[in-house]
Amino acid sequence: MEEIINIPEFLKEMLNKQYGEELTKKIIEGYKNKRPVTFRVNTLKTNIAEIENKLKEKQIEFENVPWSKEAFIIKNSTEKEIQNMQMYINGEIYLQSLSSMLPPIILNPQANNDILDMAAAPGGKTTQIATLTQNKAHITACEMNNIRIERLKYNIEKQGATSVYIMQTDSRIINDFFSFDQILLDAPCSRKWNSKY
């Protein structure tokens, strides 16, 4: 049974104004498509072959992603079913959309670099940077929001990202004492970036 998505009229009007009628129809159709379950392997705790074997044991069908050997698309299981698996509970995998895996890959983080993640919560990209550098980069993860920072701390610990230093602050006004070799800003989806995001 297809899920019925009700798009508010004001949003349709905004989309029409910005993108035109034809592209707006495509955007609305995209809302109706069910997003696949995707995750990346946390190579700080396991390896790709081990995860593939665990999926095969449970008869979970998967597809590898050409541009990231750590990324998997799940074909016949729900997100909830994956969350109940020991490999998820142990932090051996991290449920993450393919699009959010791209910024750390494009950043190409290097070992021994000082790296700033300006809007770090809930920690998917922060822990991915730690994984890509095998905990050999010095990562500063900034988050302003009290609730979101707790989620960030939880995920960093669960993923074994020991190279991360967490700061509860607005990274736009970070002290001049700090300097970084690389900076990741995957900005919150809001016109006004404030403590409510």
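Predicted model: local features only at pLDDT ≥ 70, side-chain atom pairs only at ≥ 80, totals over all residues.
Asn155 is buried, with a relative accessible area of 5%.

**The surroundings of Asn155**

Asn155 is part of helix α8. Leaving aside residues up to four places away in sequence, its contacts are Tyr94, Pro122 and Thr127. Of these, Thr127 is one of the buried residues of α7, a helix that spans residues 124–132.

**Helix α7**

How many of the 9 residues of α7 are buried? The number is 8, so the helix is largely enclosed by the rest of the structure. The buried residues are Gly124, Lys125, Thr126, Thr127, Gln128, Ile129, Ala130 and Thr131. A general point about helices applies here: an α-helix has 3.6 residues a turn, so residues three or four places apart point the same way. Helix α7 lies across β1 and β4, and its direction makes about 35° with that of β1. After α7 comes Gln134, which has a positive phi, near 50°.

**The antiparallel sheet**

Strands β1 and β4 belong to an open sheet of 4 strands, paired in antiparallel fashion in the order β2-β3-β1-β4. At its edges are β2 (62–65) and β4 (93–95), each of which pairs on one side only. From one strand to the next, the twist averages 30°. Helix α6 (residues 98–107) also packs on this sheet, where it touches β1, β2 and β3 (68–74); the direction of α6 makes about 175° with that of β3. Within the sheet, β1 (residues 37–41) and β4 are joined by 3 bridges, and Phe39 stands opposite Leu95 of β4.

Strands of a sheet pair through backbone hydrogen bonds, either parallel or antiparallel. Which way do β6 and β7 run? Strand β6 (residues 138–142) and strand β7 (residues 164–167) run parallel and are joined by 4 bridges. The bridge partner of Cys142 is Met167 in β7.

| Strand pair | Direction | Bridges |
|---|---|---|
| β1 and β4 | antiparallel | 3 bridges |
| β6 and β7 | parallel | 4 bridges |

**Summary**

Thr127 is a buried residue of α7, and α7 in turn lies across β1 and β4.

Definitions and conventions:
Residues numbered from 1 in each chain as written. Heavy atoms only, no water. Pairing = 2+ DSSP bridges. Helix = DSSP H or I, 4+ residues; strand = E, 2+ residues; numbered from the N terminus. Axes fitted to C-alpha atoms, helices over the stretch in contact; angles between N-to-C directions. Contact = heavy atoms within 4.5 Å. Buried < 20%, exposed > 50% of the residue type's maximum accessible area, 1.4 Å probe, protein only.
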